[in-house]
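Subject: Structure for you to look at

Hello,

Please open it and keep it in view as you read.

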Amino acid sequence: MPGTAANGTRAIALVGPAGAGKTSLAEAMLFAAGATDRLGSTANGSSIGDSSPEARQRGGSTEVNLYNFKYLDDEYALIDVPGSIGFAADGARAVAAADLAIVVVDPDPARAPLAAPALRMLDELGIPHLIYVNRIDQAHGRIRDLLTALQPMSVSPLIARQIPIWDGEKVSGFVDLALEYAFKYRAGQESERIDIPADLQSREIEARTHMLEQLADHDDELLEQLLMDETPSREKVLKDLARETGENIGVSVLFGCATSSWA
Ligand SMILES: Nc1nc2c(ncn2[C@@H]2O[C@H](COP(=O)(O)OP(=O)(O)O)[C@@H](O)[C@H]2O)c(=O)[nH]1
Ligand SMILES: [Mg+2]
């Protein structure tokens, strides 16, 4: 996590069903970290990962892709694990070496069961993990419904870290419930920080309160603050989220669009 002292290279595994966007997310992370100067695509064969002839021909990963990058002075190794069933044994070995796993899923609740094997493996291995809801550009249902579908597959509670900003039928940005900042997506660029839209303010308070109550289940000091109607510091909230992830007692859920480098 940014802000903590580096302790050698941190290994992050990208797991989840085939086609969810793991290799695209790896590409977006490398691009965001400045390790590559253009956002490659698995769809047109220009990605850094999936460079073997088999993977290019198949249009999907056929082996574990490994990448290295530096972000905010820390070294990271990314382990992009193929989601196809045939690669499960390789995948489990790679995941066991990770400090953190990111489970990449589709926003459609009907596809949530595809994430079950990855979530079960991470719970069994005790690997701290997050869920990243990819393809937010194609989402058309409530993220809440997806979380409801995913929750039974996870031992620990899922914690929505963001809520979407809808512009008609499309998600156009998000509110980060820990930072209490809103962001508007911009194609191929860093998101623009905006004010929390007025019509979203009560929803934001409701969602943030829910997140804080979830965190307070494992933090008596926070519980006391909530009962006293005190506003916990941003630092405390971020620290609690990181601790819950590290101790595997909460699974933060974030979303974005890997192919546009959103979020
Ligand atoms: N619209 C959209 N397409 C995506 C997104 N992420 C990945 N894709 C596409 O989905 C397909 C599978 O992506 P890939 O990264 O290879 O998935 P993986 O099998 O999980 O590694 C490719 O055609 C990508 O271009 C996204 O956020 N939005
Ligand atoms: Mg892949």
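A residue counts as near a molecule if one of its heavy atoms lies within 4 Å of it. By that rule, 17 residues surround ligand 1. The closest are Gly19, Lys22, Ser24, Arg135 and Asp137.

Two notes on the source. This is a predicted model, where local features need pLDDT of at least 70, side-chain atom pairs count only at pLDDT 80 or more, and totals for chains, interfaces and linings use all residues. Residues are numbered from 1 along each chain as its sequence is written, chains are lettered from A and ligands numbered from 1 in the order in which they are written, and side-chain values use heavy atoms, with hydrogens and water left out.

Now the ligand. Look for polar contacts (pairs of N or O atoms within 3.5 Å). A polar side-chain atom of Ser24 is 2.6 Å from an oxygen atom of ligand 1. For Lys22, a side-chain N or O atom lies 2.7 Å from a ligand 1 oxygen. For Arg135, the distance from a side-chain N or O atom to an oxygen atom of ligand 1 is 2.7 Å. On its own, ligand 1 has 580 Å² of accessible area (Shrake-Rupley method, 1.4 Å probe). The protein covers 85% of that.

Next, the overall build. The protein has eight helices and eleven strands. These are DSSP runs, with helices (H or I) of at least four residues and strands (E) of at least two, numbered from the N terminus. The C-alpha trace spans about 60 × 40 × 40 Å along its principal axes.

Last, helix 7, residues 220-227. At its start, a side-chain oxygen of Asp219 comes within 3.1 Å of the backbone nitrogen of Glu221. Asp229 follows helix 7 and has a positive phi, near 60°.

Best wishes

Note on methods. A polar contact is a pair of N or O atoms within 3.5 Å; within protein, one must be able to donate a hydrogen and the other to accept it, and residues adjacent in sequence count only if both atoms are side-chain atoms.
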